[in-house]
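This report describes how two protein chains meet and where open space is left around them. The sequence and the structure come first, and the description follows.

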Amino acid sequence: MTSPPPPAPTKIGVTNLSFFYGAKQALENISIELPANVVTAFIGPSGCGKSTFLRTLNRMNDLIPGSRVEGRVVVGERDIYGADVDVVELRRRVGMVFQRSNPFPKSIFDNVAYGLRINGLAASRAQLAYDVEKSLRASALWDEVKDRLHDSAMGLSGGQQQRLCIARALAIEPEVVLMDEPASALDPIATQRIEELIYQLKRDYTIVIVTHNMQQAARVSDLTAFFWMGKLVEVGRTDAIFTSPREKLTEDYVTGRCG
Amino acid sequence: MSRTSRRKAGSALFVGFCALSVILAPIPLAFVLFYVVSEGIQALNFDFFTNMPKPVGESGGGMANAIVGTLIVIGLGSTFAIPIGILSGVYMSEYAGTRFAALGRFAADTLNGVPSIVIGVFVYGIAVLPFKQFSALAGGLALGIMMIPIIARTTEELLLLVPGTMREGALALGATRARAVFTVVLPAALPGIITGVVLALARIAGETAPLLFTAFSNRFFTTKLTQPIATLTVMVFTYAISPYQDWHRQAWAGALVLVTIVFVCSLLARFATRRIEGMRQ
């Protein structure tokens, strides 16, 4: 159980968000506030909409033909679904780590440098190398790869690949890091390393993590939000959600009686 | 016979047929290669690459003009067919759901099925008649038109094999859609695309029909793109149907050179793809 969240300003504010895949409604009227520098976990059974919701926060769902969003999502100060929002710029500020690690078929160095290069964030080669090292250190991968930065990223183990993807996301210094079941394809030891990493990262980043694993939610998060059939049932301090939830449905779920 | 042994016999028979097919399939290849090499090698010498064709009755001479011509015409075709083919493949894969992409796919498949002689006549109509001149350019155009659908479809299929998560990974880092395609998706599929391009090259390197109407042929050495130009395939055709023994031998040698050009291309492609794939082990 982690310590209670410090009072923090709201980083992401969602008001009355609904999401549709064509005619099918996947999210209903969700409102939630996620404070800065806090780890928030989204839990709920498969198909409850938690991943869909996560992907509305950096507009990854835009790519799905026929999808539609209603409501407001404010990241920082701006409504990210506003007319004048640059999606590319938004995704630079709101990074994402996926369920299956997805390193590019390039060298370890080039993977981390990718975001820096395409966004023109490194002024010089030396700066680029410095930033790549910093991100690899931040994701606790540096010691394992420092002697083979120019080897292919595909040669890393699953856990290392996932930490590489985290390093890649951190390199462009996002304000928020979204993680979609980042450890679900990893073994327990690799999972533990990712969890330790999440714990360290919240000092600098606002983190939102989707997880199937309730122990994981309990271990890494300060706040937990429980989703059920496209609705946000309850959100609160993680210890409260797991020990004394307000809703009967939440209690049934966290104690394994449903879902 | 027991049930099990019958099943085992059936299985053995099936594997036997498969093995037999594997042996039968390459037999024509072996024969073609054997004949081309054994006949071609006799007429092949250094002069063949450097000399011009000799008039009937004189022996010796070479096909320097046709070798250079073939390379020029293939090169011309490739310069526009490779970019157009790859880019349209990119469109068909990255915007796969659109009606325009479906139309492109249908058009590519149809074009792929059009007999090469028809393409030759078409190019004759648009690029030879208006200028009243056969030309290397027209030949390149005809071959390029044939390459585009092969390259486009190969590119499309290979790009679709690149996992969607890789595109998302790039987009999530602030890449635009085009950037994601050109810096991540396309490089990931590159080895396969190179192979596809070489297959297209090999396919059109052996075309004769479309060249008869476009590049025509030329008894003299030229590198002028607006002039008719000799090519190996047309030369082999002309020499092979002639009544002269000497020309027949030259035709075999020309065929051998053609096969070698295609072979070297595939080897180079293999080498290139190996190197790229080495990067991702």
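## The contact between the chains

In this predicted model, 28 residues of chain A are in contact with 19 residues of chain B. Together chain A and chain B bury about 1900 Å² between them, and carbon and sulfur atoms account for 66% of that area. Of the area that chain A buries against chain B, 27% is supplied by Pro105(A), Tyr114(A) and Ile118(A), which is more than any other three residues supply.

Across the interface of chain A and chain B the rule finds one salt bridge, and a salt bridge joins the side chains of Arg55(A) and Glu168(B), with a distance from N to O of 2.6 Å. Counting residue pairs in polar contact between chain A and chain B, with both residues at pLDDT 80 or more, gives five.

## The face of chain A

Several elements of chain A each supply at least two residues of the side that touches chain B, namely helix H2 (87–93), strand S6 (94–97), helix H3 (108–118) and H6. The largest share of this side comes from H3(A), with four residues. Sorted by class, the side of chain A that touches chain B has 14 nonpolar residues, together with eight polar and six charged ones.

## The architecture of chain B

Chain B has twelve helices and zero strands, and from the N terminus on its elements accordingly read α-α-α-α-α-α-α-α-α-α-α-α. The C-alpha trace of chain B spans about 70 × 65 × 35 Å along its principal axes.

## The largest pocket

The largest pocket holds about 450 Å³ of space. Its lining is made up of 21 residues, and those that lie nearest the centre of the pocket are Leu63(A), Ser93(B), Glu94(B), Arg167(B) and Arg177(B). The elements that give two or more residues to this lining are four helices of chain B, namely H4 (64–94), H7 (136–161), H8 (164–172) and H9 (177–205). In terms of residue class, the lining of the largest pocket divides into twelve nonpolar, four polar and five charged residues.

## The second largest pocket

For the second largest pocket the volume is about 250 Å³. This pocket is lined by 16 residues, and nearest its centre lie Lys134(A), Ser135(A), Leu170(A), Glu173(A) and Tyr205(A). Here the elements that give two or more residues to the lining are helix H4 (125–138), helix H6 (158–171) and helix H7 (188–201) of chain A, and H4(A) gives the most, with four residues. By class, the lining of the second largest pocket has eight nonpolar, two polar and six charged residues.

How values were computed: Residues are numbered from 1 along each chain as its sequence is written. Chains are lettered from A and ligands numbered from 1 in the order in which they are written. Side-chain values use heavy atoms; hydrogens and water are left out. On a 1 Å grid over the protein atoms alone, a cavity is a set of points where a 1.4 Å probe fits but cannot get out, and a pocket is an open set with protein on both sides within 12 Å along at least five of seven lines; lining residues have an atom within 4 Å of a point. Grid points are joined across faces, edges and corners, and a volume is the space filled by probe spheres set on the points. Ala, Val, Leu, Ile, Met, Phe, Trp, Tyr, Cys and Pro count as nonpolar, Asp, Glu, Lys and Arg as charged, and the others, Gly among them, as polar. Contact means heavy atoms within 4.5 Å. Buried area is the accessible area (1.4 Å probe) that two parts lose on being put together, summed over both. A salt bridge is a side-chain nitrogen of Lys or Arg within 4 Å of a carboxyl oxygen of Asp or Glu. A polar contact is a pair of N or O atoms within 3.5 Å; within protein, one must be able to donate a hydrogen and the other to accept it, and residues adjacent in sequence count only if both atoms are side-chain atoms.
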